[in-house]
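Good morning, and thank you for making time for this presentation. I would ask you to look at the structure first, and then we shall go through some of its parts together.

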Amino acid sequence: MDSEIPHHLALVMVHSLMIDGGDPKLKNDVLQHLLVLTADKHKENKMIVDNIDELLKGLFKVLETDTTNAKAACLCLVNISSKENGLNKIMSFLNSNISSNDSGIISKIIRYIDQRTPEIANAVLMLLCNLTRDKNHAIQVYEAFGDKITILESFMKLFITRDVEHESNYSYISYLLSNLCQLHEVRMWLMNSDNLQKLLPFLNLNNSLRRAGVIMTLKNCCFELEKHEWLLSEDLDLLPRLLLPLAGPEQFDEEDNEKLPLDLQYLPDDKEREPDSDLRLALLQALTQLSAKRNCREIIRDQGTYLILRELHKWEPNIELKLVCENLVDILIKTEDEIGTDNFHDLDVPEDLIDKFKKMDEAYLS
């Protein structure tokens with residue numbers, strides 16, 4: 001089909017998705033055309049914009065009721081939700097379809113996230129990741145889960161279960177978890193069970209999607225101030241895991257090596273740092289959050305963190321990340337008397353100083 005189609009034909013296409021039963025092949029043809037129309041990441045198609053309400057009804061109806069075409073319908077929704085206007089339209093549509101005796105569309109499409117429908121699961125996870133990027137939207141989606149803890153546990157089981165043939169279809173669970181970990185309740189669920197420990201092996205995985213989601217999840221968990229001591233405890237051993245992706249092949253003398261955790265000592269000559277600058281930033285942000293309290297700063301200092309950060313700073317090609325690294329190093333090399341507070345979160349920084357620091361950072365980056 002040509003992408004430039006008459007308005008009346010566009011309406012016929014959209015309405016065909018609402019028909020119960022119907023020709024699955026015709027629906028697939030319509031959906032494949034809609035996939036093309038919704039795929040532009042930079043601008044919205046006029047036909048889509050003009051018919052968005054009816055289109056969402058049709059796409060969600062197919063997703064809920066037609067397993068043959070559910071994946072294609074969901075991928076259309078993924079495309080639409082990648083743009084802010086489309087995302088807001090979808091969230092409004094979802095909210096308007098929750099009644100007193102019906103938990104809504106989200107709880108219905110979550111059923112696809114299981115081992116029986118792996119390809120549809122992948123598409124639904126991509127959609128949920130888009131819908132939960134914003135914290136307020138994440139709250140709305142999470143509230144629509146129904147039995148929240150059961151759903152989270154099922155996601156975790158799918159994510160950690162090895163299934164060579166299908167496991168790639170569940171990789172987006174890590175990103176969904178990281179988005180949901182914007183919420184205090186989800187962070188506490190993750191840390192008050194043994195589920196956080198189950199994610200740690202994925203920090204060193206070659207699968208960049210899973211590794212990225214887990215790093216972002218851990219960063220969000222570090223916003224729970226009351227959990228910092230536990231996160232830095234020997235039982236969890238999180239600090240070396242956060243530092244290892246930031247470490248390179250540099251060799252230290254014996255005295256410095258003794259300051260480092262075992263996993264960071266005598267790294268091979270071909271050791272590479274995390275290649276994704278966004279993930280290096282997330283790791284530095286996690287370490288900065290963990291440095292908020294005096295006793296935690298002392299733990300971080302005592303494990304040779306400065307050595308890893310020093311070499312990272314020398315290597316780091318991104319000037320913004322260099323600044324983040326410098327700010328963290330500045331915290332760690334100061335004495336506690338110089339810092340003058342047990343908890344950075346207790347500090348009330350005057351607005352004029354905030355502006356001054358911001359201008360200093362801007363001058364550094366320019």
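This is a predicted model: local features need pLDDT of at least 70, side-chain atom pairs count only at pLDDT 80 or more; totals for chains, interfaces and linings use all residues.

Helix α5 covers residues 70–81, and at 1.5 Å a residue its 12 residues should span 16 Å; the end C-alpha atoms are 16 Å apart, so the two values agree. The expected span here is 1.5 Å times one less than the number of residues. Helices are DSSP runs of H or I with at least four residues, strands are runs of E with at least two, and both are numbered from the N terminus.

Residues are numbered from 1 along each chain as its sequence is written, and side-chain values use heavy atoms, with hydrogens and water left out.

How many of the 12 residues of α5 are buried? The number is 10, and the helix is mostly covered. Buried means under 20% relative accessible area, exposed means over 50%, and partly exposed lies in between, with a 1.4 Å probe and protein chains only. Among the buried residues of α5 are Ala70, Ala73, Leu77 and Ile80. Their cover includes α2 (24–37), α4 (52–65), α6 (84–96) and α8 (118–131).

Two cysteines of α5, Cys74 and Cys76, are also among its buried residues. Cys76 has a relative accessible area of 1%, and therefore is buried. In general, a disulfide is a covalent bond between the sulfur atoms of two cysteines. The rule applied here asks for a pair of cysteine sulfur atoms within 2.5 Å. The closest cysteine sulfur to that of Cys76 is in Cys74, at 9.2 Å, which is too far for a bond. By this rule the count of disulfides is zero. Another cysteine, Cys129, counts as buried because its relative accessibility is 7%.

Let us turn to Ser174, which lies in helix α11, residues 173–180. Is Ser174 buried or exposed? Ser174 counts as buried, because its relative accessibility is 1%. Leaving aside residues up to four places away in sequence, Ser174 touches Phe159, Leu209, Arg210, Gly213, Val214 and Thr217; a contact means heavy atoms within 4.5 Å. The side chain of Ser174 also reaches the backbone oxygen of Leu209 at 3.3 Å.

Finally, the chain as a whole. The protein chain has 23 helices and zero strands. Of its 366 residues, 49% are buried.

Note on methods:
A polar contact is a pair of N or O atoms within 3.5 Å; within protein, one must be able to donate a hydrogen and the other to accept it, and residues adjacent in sequence count only if both atoms are side-chain atoms.
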